[in-house]
Amino acid sequence: MATWSRPSQRQPQGPKPAAEGEPHVPLCQELTEANRFTYAALCGISLSQLFPEPEQSFFCTEFMAGLVKWLELSETVLPTMTAFASGLGGEGTDTFAQILLKDPVLKGDPSLITQDLLSFSLQEGRYDARARVLVCHMTSLLQVPLEELDDLEETFLESLKETKDEESETAEASRKKKEKRRKWKRYLLIGLATVGGGTVIGVTGGLAAPLVAAGAAAVIGSAGAAALGSVAGIAVMTSLFGAAGAGLTGYKMKKRVGAIEEFTFLPLTEGRQLHITIAISGWLASGKCRTFSAPWASLAHSREQYCLAWEAKYLMELGNALETILSGLANMVAQEALKYTVLSGIVAALTWPASLLSIASVIDNPWGVCLRRSAEVGKHLAHILLSRQQGRRPVTLIGFSLGARVIYFCLQEMAQEKDCQGIIEDVVLLGAPVEGDPKHWEPFRKVVSGRIVNGYSRSAATWTTPSRWTSS
């Protein structure tokens, strides 16, 4: 969605990682009070820019109150930070970002801010989509490649598994990356696990908790890892990834919902991630598009991706009808083109012959059926996401044609519910056969934390896109 420019290679100059037996110093103790204020102010102003809607004010205020406490700032600065988050601060983000980048602690490795903000965002066992949008934005402001955030999130998951960091025998680069990840593991876990009952988020359920705790002990010490095995720790661990621990593949439609006959999540990748992507196809056909996963073979938005398998029988009928139409059109155009000169006949040959128009009737029924069912599937998807079957993680939705229509009705249904915020990160719609009037899209602003990208044919519809939206 957004583009992060990769800065020139830099050698880490920041604080050295703590030795294996030594406690890691939190960032709030390494930065001066003035720069902790700058860090918080930068977050507050960014929140006001990213989420100016009135319905987001509570989240922004609560986030800043928690961050002030996290950074051990005086409570007297809270009104100022609240004002920043409310859009009352006149300063821009560039000034604060430049001040932070000059800090001796961050000068060599500004990703320390990303690490700290990620730890804060995950401390209660949930990863709000709005928090991730902010983390991505801050990462960009501090000129850190987005790939480092992906690595941090992956490292966070790895650090909660019983793994051994073995020295690579084949590449120096691999060794350096693992050394950096070891530092990140200590930082992230120390930030989240406290002796006084604080908890660390894991990727498994209660049965694996002892193993997770044992693995974490090698990284953060036995005292910090003790929280992992606690009842509270297990509760938070299951919160992020869902109680089943199987992601969306663990969801099964127990009974027929309305007219829906098929609704299943199929994995596109083998990995796990702190944010997930759901891809939705708009039709099925013979050849490359005969399965739900085929159109998404090259999708690489997240390490944990799913495709939604829905109403295959009807989507296949629609695809076959489309193939009939396109095949007939190609044959007719080829025959007609032979009757005209190159100069005058090509345009005339592209008109639909009467015989082909009669063939087009074959698409009427499958299209109408799929239109209705896509709306029902979208509403059902909304309730799946609202019930947190995916856990408390940001979700990105991508779909084309009727798959985009599914997403449209999903957002429409979610917008009617109270707890719809902080679930959806980004949305990409390609060729969605839906209403184009902006008034129908306006409610989506409170549902989608990041961006809505709407790809459509300008000859088919035109509409004005609100803030944070892109159309092409």
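**Stop one: a ring cluster**

Select Phe 51, Phe 59, Phe 63, Trp 70 and Phe 120: ring pairs link these residues into a cluster. Keep in mind that you're looking at a predicted model.

The structure has twelve aromatic pairs in total. For one of them, pick Trp 296 and Phe 400: the ring centres are 5.7 Å apart and the planes meet at 40°, so this pair counts as tilted. Trp 296 is in the loop between strand 2 (276-280) and strand 3 (305-310), while Phe 400 belongs to strand 4 (residues 395-400), so the pair ties together parts 104 residues apart in sequence. Is Trp 296 buried or exposed? It's buried, with a relative accessible area of 9%, and Phe 400 is buried too, at 15%.

**Stop three: an edge-to-face pair**

Next, select Tyr 408 and Trp 441. Their ring centres lie 5.4 Å apart with the planes at 65°, so call this one edge-to-face. Tyr 408 sits in helix 16 (residues 402-414) and Trp 441 in helix 17 (residues 438-441), which makes this a link between distant parts of the chain, 33 residues apart. Tyr 408 counts as buried at 3% relative accessibility, and Trp 441 counts as buried at 1%.

**Last stop: a charge over a ring**

Finish with Arg 373 and Tyr 314. The charged end of Arg 373 is over the ring of Tyr 314, 4.0 Å from its centre.

Methods
Residues are numbered from 1 along each chain as its sequence is written. This is a predicted model: local features need pLDDT of at least 70, side-chain atom pairs count only at pLDDT 80 or more; totals for chains, interfaces and linings use all residues. Side-chain values use heavy atoms; hydrogens and water are left out. Rings of Phe, Tyr and Trp (its six-membered ring) pair if their centres lie within 6.5 Å; planes under 30 degrees apart count as stacked, over 60 as edge-to-face and the rest as tilted. Helices (H or I, at least four residues) and strands (E, at least two) are DSSP runs, numbered from the N terminus. Buried means under 20% relative accessible area, exposed over 50%, partly exposed in between (1.4 Å probe, protein chains only). A charge sits over a ring if NZ of Lys or CZ of Arg is within 6 Å of the ring centre and within 35 degrees of the ring normal.
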